[in-house]
Amino acid sequence: MPQPDRLPGTPEFRIKLPQDGAEARGCLLTQFGGNGTNKFQLREGSLVTAEEWPGLGRHARRFRAELRADGALVDAPAAPGRPQDGPARWVVTRDIECNSSSAAAALVYGYDASGPESWRTDEGHPLSDYLSTGWRPPHKAWLVRGSNVSGHNLVRQLWLKEGFVSLSGAHLPPLEESDPTKSALRRFVEEGYEGAASYHQKQGLVDELHAFLTQMRVGDTVATYDDDRLYLGRITGDAVQTTSPGGLSNLRRSVTWRADSHPYDELPGELRQKLSVQHDVVDLTGVLDALDGLTGQADSTDETEVAETLERPVPKELTLPEISGSLAAELLVHDRAWLQELRELLLDEKQLVFYGPPGTGKTYLAMKLAEYFGGGPEQVKIVQFHPSYSYEDFFEGFRPVEDPETREVAFRLTAGPLRELADLASREGNRHIPHFLIIDEINRANLAKVFGELYFLLEYRDRSVRLTYSGDDFPLPPNLFVIGTMNTADRSIALVDAAMRRRFAFVELSPRTEPTAGLLGRWLEREGRDPEPARLLDSLNSRIDDADFAIGPSYLMKPGVYRDGGLERTWRTKILPLLEEHHYGEGIDVAARYGLDSLRERPA
């Protein structure tokens, strides 16, 4: 029986099993399996887990059982360095041909896993780097920068005049493949740019070369800009390697450029975000609709493509619903103009903070507005800041995570609430839907520490920044709004730094001003209750000399207050302790000054 052939130019791959470091080895084969990908050979002597997890598919279970029955998998003997009470392992007694790398990974792990990501080289590179380009959307869009290539403006000097787009590959050898794999490009870059580029520069160059040579296709949209104007075209030719002065443009693709251009300041915000990513080649497929909107698809001549364009839904415009009478009635706000102003502030600023004394309904109002404007609670996420809250908690960072199957703990890059909500808001189909992040007690954390580089994005929504941990170029979606709440009795608003003041609109909720001032009276009237608690609260607040320590109406808007003895109990256990703290060390008899009996005898 002929032996299967190893795929030329590919190394041996490994999987290290958790807990005991047992190792499986294998290689890609030239033959293709039933799913259209390269077959994979699991090498003799590899160790695999004997346990089968619930996530293992039926075909993989049957395959393991057959291999076990014919002796290809046998119990592994104890080995030096492996714990006696460790997990059960099988050893592979002969080379096993698997339908794909994923089938081989499932055989090794005992549960379904991605082969292209699980199998790694000795250097840690994934098997996916050695596979030819798989399926991709039929029409993509790309940004290629060329206005400053080693001091030369290629956009103005060459691209627009001669009809092409290019990359510099001065140190690359002659490329024999039309679609080189990323592993081949990495080898060429490592050899050709040794001493001419840093490790990080080489890594970026490999990604850009792979996109330009392999991912781009004829018919894709290409964009570039110069002098604050965006130019668009259509790729009309495959990548070619040629000679050029200084090697500045020796990798080329022919392009039919449109005659018109577009001022940068007039571009849609989502497109400006993508253009701010600092790479020479950037995938713009996520904003293809915005690019099509600029061109009107006037240069499309293919009937099928025109039909697909006509069927594509027109992107909806991001807006916030108008304030309804029912919302104003539910919130007991008699002046709808006040709520309308909040809507305008959110549309203009994207971020606002409700600040005021405790009990003024800041969090309740934030949640109600967010759910109303966003269309439901699914678009709302709530977090509460505290003194130990950090950037890693808020956005992303490496955190200890336990593997539910192996029970081992490892540090993994984990998204925080802001990253999760931003990713949800930026999904295709969601970009016109408002999403809200509510930050309760926003002034209780070290804001500069928590926000980090995100402070910049709060002010510049049409830009992106390079993230600290993942290295991604990240923008804040325009449909993500932030509402914070700030208790002025906990920490004075005067302590908020200028950076935060500039990025947020501040709206006061005070028991001494509307709509909070008359809120309790309106609530009591709606509930059909005695208006006395509202008069008592007004009298109490008139005696408090510091507006930041005034008492909000929400303390008296709970059912327990109106049971027998409830008002007295709430006053004694909720309100007077706050005032005791406020007057601590002043020698004031708080009960005599602010108690119910005193207020009833001498109302303000």
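**View 1. R14 is partly exposed at 24% relative accessibility, and its salt-bridge partner is D122.** We're looking at a predicted model, where local features need pLDDT of at least 70, side-chain atom pairs count only at pLDDT 80 or more, and totals for chains, interfaces and linings use all residues. The closest N and O atoms of D122 and R14 are 2.5 Å apart (a salt bridge being a side-chain nitrogen of Lys or Arg within 4 Å of a carboxyl oxygen of Asp or Glu). This pair links distant parts of the chain: R14 is in strand β1 (residues 13–16), D122 is in the loop between α3 (115–118) and β8 (141–144), and 108 residues separate them. Helices (H or I, at least four residues) and strands (E, at least two) are DSSP runs, numbered from the N terminus. D122 counts as exposed, with 57% relative accessibility. On the scale used here, buried is under 20% relative accessible area, exposed is over 50%, and partly exposed is in between (1.4 Å probe, protein chains only). Zoom out a bit and R14 and D122 turn up in a salt-bridge network that also takes in E12, K16, E23, R25 and R43. For the model, the salt-bridge count comes to 36.

**View 2. R272 and D462 form a salt bridge, and both residues are buried.** Their closest N and O atoms sit 3.0 Å apart. R272 belongs to helix α7 (residues 269–275) and D462 to the loop between α16 (454–459) and β20 (465–466), so the bridge ties together parts that are 190 residues apart in sequence.

**View 3. E420 and K381 meet through their side chains in a salt bridge.** The N to O distance is 3.4 Å. Here helix α14 (residues 417–425) supplies E420 and strand β16 (residues 380–384) supplies K381, the two being 39 residues apart. E420 counts as partly exposed at 41% relative accessibility, and K381 is also partly exposed, with a relative accessible area of 25%.

**View 4. S46 is buried, with 0% relative accessibility.** You'll find S46 in the loop between β3 (38–42) and β4 (47–49). A polar atom of the S46 side chain lies 2.9 Å from the backbone nitrogen of R25. Setting aside neighbours within four places in sequence, S46 is in contact (heavy atoms within 4.5 Å) with E23, A24, R25, W90, V91 and V92.

**View 5. Helix α4 (residues 154–162) has L154, V155 and W159 buried.** These residues cover an arc of only 75° around the axis, which puts them on the same side of α4; the arc is that of the directions from the helix axis to the C-beta atoms. K161 and E162, on the other side of α4, are exposed. The buried residues of α4 pack against β8, β9 (164–167), β10 (221–226) and β13 (251–263). At the N-terminal end, N153 is the cap of α4, with a side-chain oxygen 3.2 Å from the backbone nitrogen of V155. After α4 comes G163, with a positive phi near 75°.

**View 6. A170 and G247 are 77 residues apart in sequence but 4.3 Å apart in space, C-alpha to C-alpha.** A170 sits in the loop between β9 and α5 (182–192) and is partly exposed at 41% relative accessibility. Apart from neighbours within four places in sequence, its contacts are Y193, G246, G247 and N250.

**View 7. Helix α18 (residues 519–527) has L519, L520, R522, W523 and L524 buried.** The buried residues of α18 pack against α10 (325–331) and α19 (532–543). G528 follows α18, and its phi is positive, near 70°.

**View 8. F398, F411, L413 and Y469 make a nonpolar surface patch of about 410 Å².** F398 is in strand β17 (residues 396–402) and is partly exposed, with a relative accessible area of 44%. Patches are made of residues with over 30% relative accessible area and no salt bridge, joining like charges within 9 Å and nonpolar side chains (Val, Leu, Ile, Met, Phe, Trp, Tyr) within 5 Å. Accessible areas come from the Shrake-Rupley method with a 1.4 Å probe, and for residues only the protein chains shown count as cover.

Conventions. Residues numbered from 1 in each chain as written. Heavy atoms only, no water. Polar contact = N/O pair within 3.5 Å; in protein donor to acceptor, adjacent residues only side chain to side chain.
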